[in-house]
Amino acid sequence: MLATFDLLWQLGRLGSLVLGGLAADALGIQAVYYLGGALLLLAGAIGWHGLLTRPAGAHTQRTGARCHEIGQSEIRVWMESAMRGRGFPVGE
């Protein structure tokens with residue numbers, strides 16, 4: 001399954017290079033840079049809009065976003081104990 005995901009990812013990268021090369025040939029490299037910048041700004045605006053319209057408390061449903069509800073010291077203690085459990089020297 002992971003090999004399939006990797007194959008799809010690499011095919012997407014290859015397709016992106018092909019499309020970028022064709023666009024640079026047809027439109028010029030400066031137009032491709034402007035188009036890339038516009039797409040980046042669009043992605044940022046969509047992400048920002050998603051953050052603003054998310055219902056209150058929605059971040060608690062995601063495991064990776066728990067940093068906002070737990071204190072930094074608790075996160076540090078958790079990370080140190082996880083590293084000690086794997087045999088890494090911590091705080092020595």
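How many residues has helix α1, and what does the helix reach from its first C-alpha to its last?

**View 1. Helix α1 of the predicted model.** Helix α1 (residues 2–27) has 26 residues and reaches 37 Å from its first C-alpha to its last. This is close to the 38 Å expected at 1.5 Å a residue, where the expected span is 1.5 Å times one less than the number of residues. Helices here are DSSP runs of H or I with at least four residues, and strands are runs of E with at least two, numbered from the N terminus. Just after α1, G28 takes a positive phi of about 100°.

**View 2. The packing of α1 and α2.** Helix α2 covers residues 29–53. The two helices pack at an angle of about 125°, with their axes 7 Å apart. Axes are lines fitted to C-alpha atoms over the stretch in contact, and angles run from 0 to 180 degrees between N-to-C directions. α1 and α2 are therefore oblique to each other; angles under 35 degrees count as roughly parallel, over 145 as roughly antiparallel, 65 to 115 as roughly perpendicular and the rest as oblique. In the contact (heavy atoms within 4.5 Å), α1 contributes G20, A23, A24 and L27, and α2 contributes I29, A31 and V32.

**View 3. Confidence along the chain.** The mean pLDDT (the predictor's confidence in each residue, from 0 to 100) is lowest among the elements in helix α3 (residues 72–85), at 71, and highest in α1, at 93.

**Notes.** Residues are numbered from 1 along each chain as its sequence is written. In this predicted model, local features need pLDDT of at least 70, side-chain atom pairs count only at pLDDT 80 or more, totals for chains, interfaces and linings use all residues, and side-chain values use heavy atoms, leaving out hydrogens and water.
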